[in-house]
Amino acid sequence: MSTRIDYPDFRQLLPAAHDALIAAGKAVDEAGLDKSLSELVKLRASQLNGCSFCLQYHLNIARRSGVGQAKLDQLAAWRDATVFSAPERAALAWTESLTRLPPDGVPDALYGELREHFSEAQIVQLSVTVATINSWNRLGVALRFVPPAAQL
């Protein structure tokens, strides 16, 4: 597949939209959500959405942020993997539910599980993270952004 509109072109064509998405991510970072957790969430949503640009971009950041290789390797099968903590599992389940949006909405039980591990402020931060990465994924897939180089 060939690129339709690459990331630098998108940024130039609609800078206000680009900047708004960047600002949403920075707001979550500044609010204090754990960077490793936010990167796992972004990676899982990007896996579900098939966005190669966002996958590579956030793999690079996750590695720099100290996310362990075992977590990166097993993220697609997180439910069966033993390397994820209970809070990470709750956040990943939340991510999948918000990314796939069930017809009946997000289950109360899932919210209850999330509430066991996170404050209301953190739940909002996680939710904004998922919403933002889903926006980026949709742009990256639709416009076929070229993935950045891998950084090991």
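UniProt positions are given here in the numbering of this chain, and annotations may be inferred rather than shown by experiment. The model is predicted. In the UniProt record, an unreviewed entry, the annotation "domain: Carboxymuconolactone decarboxylase-like" covers residues 15-96. Over residues 15-96 the chain is 76% helix and 0% strand. The end C-alpha atoms of that stretch are 29 Å apart.

**How helix pairs are described**

- Two packed helices are described by the angle between their axes and the distance between the axes.

**H3 against H8**

- The crossing of H3 and H8 is right-handed.
- On the H3 side, the contact is made by Leu37, Ser38, Val41, Lys42, Ala45, Ser46 and Asn49.
- On the H8 side, it is made by Leu126, Thr129, Val130, Ile133, Asn134, Asn137, Arg138 and Val141.
- By class, this contact of H3 with H8 has seven nonpolar, six polar and two charged residues.

**H6 against H8**

- Helix H6 spans residues 86-100.
- The axes of H6 and H8 come within 10 Å and cross at roughly 50°.
- H6 and H8 are therefore oblique to each other.
- The crossing of H6 and H8 is right-handed.
- H6 brings Ala91, Trp94, Thr95, Leu98 and Thr99 to the contact.
- H8 meets them with Ile123, Leu126, Ser127, Val130, Asn134 and Arg138.
- Sorted by class, the contact of H6 with H8 has six nonpolar, four polar and one charged residues.

**H2 against H8**

- Helix H2 spans residues 15-31.
- The axes of H2 and H8 come within 10 Å. They cross at roughly 150°.
- H2 and H8 are therefore roughly antiparallel to each other, because angles over 145 degrees count as roughly antiparallel.
- H2 passes H8 in a left-handed crossing.
- From H2, the contact uses His18, Leu21, Ile22, Ala24, Gly25, Val28 and Ala31.
- From H8, it uses Gln125, Val128, Thr129, Thr132, Ser135, Trp136 and Leu139.
- The contact of H2 with H8 has eight nonpolar, six polar and no charged residues.

**Two residues of H8**

- Asn137 lies in helix H8. At 1% relative accessibility, Asn137 counts as buried, because buried means under 20%.
- Asn137 and Ala45 are 92 residues apart along the chain. Their C-alpha atoms are separated by 8.1 Å.
- Leaving aside neighbours within four places in sequence, Asn137 is in contact with Ala45, Ser46, Asn49, Cys51 and Cys54.
- Arg138 is also found in helix H8. Its relative accessibility is 46%, so Arg138 counts as partly exposed.
- Arg138 and Asn49 are 89 residues apart in sequence. From C-alpha to C-alpha they are 7.7 Å apart in space.
- Beyond neighbours within four places in sequence, Arg138 is in contact with Asn49 and Thr99.

**A residue of H6**

- Ser97 lies in helix H6. At 9% relative accessibility, Ser97 counts as buried.
- Not counting residues up to four places away in sequence, Ser97 touches Pro102, Val106, Pro107 and Leu110.
- Ser97 and Lys42 are 55 residues apart along the chain. Their C-alpha atoms are separated by 13 Å.

**Positive phi angles**

- Most residues other than glycine have a negative phi.
- Leu101 has a positive phi of about 30°, although it is not a glycine.
- Leu101 sits in the loop between H6 and helix H7 (108-117). Leu101 is exposed, with a relative accessible area of 54%.
- Arg144 has a positive phi of about 60°, and it is not a glycine.
- Arg144 lies in the segment after H8. At 23% relative accessibility, Arg144 counts as partly exposed.

Notes:
Residues are numbered from 1 along each chain as its sequence is written. This is a predicted model: local features need pLDDT of at least 70, side-chain atom pairs count only at pLDDT 80 or more; totals for chains, interfaces and linings use all residues. Side-chain values use heavy atoms; hydrogens and water are left out. A crossing is left-handed if the near helix is turned anticlockwise from the far one by less than a right angle, and right-handed if clockwise. Helices (H or I, at least four residues) and strands (E, at least two) are DSSP runs, numbered from the N terminus. Contact means heavy atoms within 4.5 Å. Ala, Val, Leu, Ile, Met, Phe, Trp, Tyr, Cys and Pro count as nonpolar, Asp, Glu, Lys and Arg as charged, and the others, Gly among them, as polar. Axes are lines fitted to C-alpha atoms, for helices over the stretch in contact, and angles run from 0 to 180 degrees between N-to-C directions. Angles under 35 degrees count as roughly parallel, over 145 as roughly antiparallel, 65 to 115 as roughly perpendicular and the rest as oblique. Buried means under 20% relative accessible area, exposed over 50%, partly exposed in between (1.4 Å probe, protein chains only).
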